[in-house]
Amino acid sequence: MLTTFKFNLTSISLQYLKAFFHKKHTYFPKYFFHFIGWVILHLIINAHDLCAQQIVPIKSYGMNANGQVQLGIDAQADHYYILKVRATDTSQYDIASSMTMGINGTLLITEPLGAYPLQHYQIIEYANNAPFDTDLDGIDDITEFQNMPTQSPINAAPDLDSYHGEIMMDSFGSYKRLSIRKEHVVFSEYLNGLGHFKFMISDFSTDKPRVYFINTNVHAYHESFALANGENHLDADVRKGQIVYHPTSISSNGTLGTFAFNYTGGHGIDFDEVQRTHELLAANMPFIENNLSFFVTGNSEDEYARDSVLYATYRLPVLLESDVYADVDYWGLNQEEGFGLFRKIGLDEIPGAKDIVLYESIPNALPRVGGIITSVIQTPLSHVNLRAIQNKIPNAFIRDPLLIDSVADLLDKYIYFKVEQDKYIIREASLAEVNAWFEDIRPKENQNPPLNLCHEKIMPLDDIRFNNFDGFGAKCTNVATMRKFGFPDGTIPNGYGVPFYFYQEFMKHNRLFNEIRTIMNEPDFISNRLVRDEKLKAFRKKIKDAELPAWMMADLGTMQNSFPTGTSIRVRSSTNNEDLPGFNGAGLYTSKTQHPEEGHIAKSVKQVFASLWNLRAFEEREFYRVDHFKTSMGLLCHPNYSDEKANGVGVSTDPLYNTKNTFYLNSQIGEELITNPDSNAHPEELLLDRVAVGSNSYTVIQRSNLVHRDSVVLDDIYLSEMRNFLTVIHDEFA
């Protein structure tokens, strides 16, 4: 007994020391000796209790109507009882899930979650006059019990000003006080329209976790709460997320209305962490009646599918995002109206500007269209709906639309489509109505892209200036300009710019402008999209087969030979009809790589020239009234990067979610494209903090499905470099 007793004393004294010298405490020198005396006195006082505490036999086991356990014991009024829980039959009783004051006689003890089998429970009895410190925070259980909810005997979090939140949520009224309801929630559209509040658990994996329920009306972000209360929200052992109340969803106790928690951004976490989070949250929400679930969003479905057997085996109910909307047959997401050709579109097809598209799955990217219908649930901040809002086009979810005769009968016909909040209107329309509609919403004036044909020579990037954009295109001149920002060698590629003059002279030399003018005036080219597509394909083939003038062959050959022997050269499009008002043109054109064994670079040059006349690019220009004949293709030529570990697009602001002080990164592993991704490859979306305040100074909006489920595409060292580079680029271009 003596050996065991000394071991317990040593363990507890170390735990008190760890609690006292937690990183938040700075008063060590002044109070050190007082503290040591307090520890010794406290341990002496509690020595009797350490010997006297006992595990109480459980006399009866049952469940109430909500499925919560009812454990009967022989109790005493001058004692209190801590219920301990373990996840498996063989693990430690490591979660204190409730504290109950004693009575003389039979006492029923319960906890907030659904019942485990009997062997998962342990009840420990303590004397009221010699209370224990279950949460190891330096304050005894009885004192904290009497001061709930500002203190808690089973939560190591310190006293919290109610202005900031609570550490013990003891009523539904507390939920209403802390929660907020917004129609549009950045990053987490599954929160739209639902009451929710944020939580944070510090020292998550230790024996003294600190659980905080945040007043989300005061602190819209975890960072704000953490800074105000001396916590580090970026610490590796912190878990944070939201708790949402779903009033119309059936809970695990069979009643209407359930709470559901998830992690920031809706990302998936391994089962063990979800389970521990579930237990810790519920223990500090004593009003819960077996109605707290884990909310499985679209971002966490893979992890849930992998661990679904564990969820079914243990007491961890889930609420699937898809189930929340299971009874929703219609959702008018963007309430607009429009006309167009009603087409069912696959993910590998490119719709036209006058198409009203029906998708059976959500596309990763979407050009301008006339309207959108999806047969799978969207959310208000999905990319599809953001594009619909930007372009002021109707967008709706309709369940099984092709089983509705009034919809299915209009497939491949011109239609009028109007989206309202609770209904939609769809009818057949005439081609004249369609054309009149688009004439009315198109720009009123023709747009003439800047075209300076005075630049007649291929130039090294280091000789091209920012104001040469009208001769070489924005992409080429921007890269050339960045070479003057002082970055380390190799950061910005070296190479050459081929001016618009080359494209214009090539087209004139082969009389190709005359040919496409004739084609564009043909009635079937104007009225029939399939004909238009085929004729543009044939025209692109003529461009690829045409000859370059001799002088152009010579100049391009000289440029090609100036690269080191064996270099593969990336020939990138750089047009003058990108970044116009209301028309960015991103992703419209093709870039090619010329490998040494392919001979003269003319092949790749003509392929890039030809991409100016692909169907999507033509229709985008047509809609925005951009002059096809003043539109010109410049070229940016530099060494090709092979065997890429990652690629992506970075923006020196946040154009999608409008957050402040962040950079937007869209990244993918290897050489999978970002601008035109494969339908099975989902790129990563990440918001990188402009100023690093610790590790993981970023927020992942969507993870790439090509990397490990808990990973990001770029390691921290590269994200740090990206932060530095984007800061310079933003400031220099500003």
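In the hairpin of β11 and β12, five residues lie between the strands, and Gly254 has a positive phi near 90°. The model is predicted: local features need pLDDT of at least 70, side-chain atom pairs count only at pLDDT 80 or more, and totals for chains, interfaces and linings use all residues. Residues are numbered from 1 along each chain as its sequence is written, and side-chain values use heavy atoms, with hydrogens and water left out.

**Strands around β12**

- Strands (E, at least two residues) and helices (H or I, at least four) are DSSP runs numbered from the N terminus.
- Strand β11 (residues 239-250) runs antiparallel to β12 and is joined to it by seven bridges; two strands pair if DSSP finds at least two bridges between them.
- Across this pairing, His246 stands opposite Thr258 in β12.
- β12 also pairs with strand β13 (residues 292-296), in the parallel sense and over three bridges.
- Here Ala260 is opposite Ser293 in β13.
- Of the eight residues of β12 (residues 256-263), seven are buried (under 20% relative accessible area, 1.4 Å probe, protein chains only).

**Packing of α15 and α19**

- Helix α15 (residues 500-509) packs against helix α19 (residues 550-562) at an angle of about 145°, with the axes 11 Å apart; axes are lines fitted to C-alpha atoms over the stretch in contact, and angles run from 0 to 180 degrees between N-to-C directions.
- Tyr501, Phe502, Glu505 and Phe506 of α15 meet Trp551, Met552, Asp555 and Leu556 of α19 in a contact (heavy atoms within 4.5 Å).
- Six of the contact residues are nonpolar, none is polar and two are charged; Asp, Glu, Lys and Arg count as charged, Ala, Val, Leu, Ile, Met, Phe, Trp, Tyr, Cys and Pro as nonpolar, and the others, Gly among them, as polar.

Conventions: Buried < 20%, exposed > 50% of the residue type's maximum accessible area, 1.4 Å probe, protein only.
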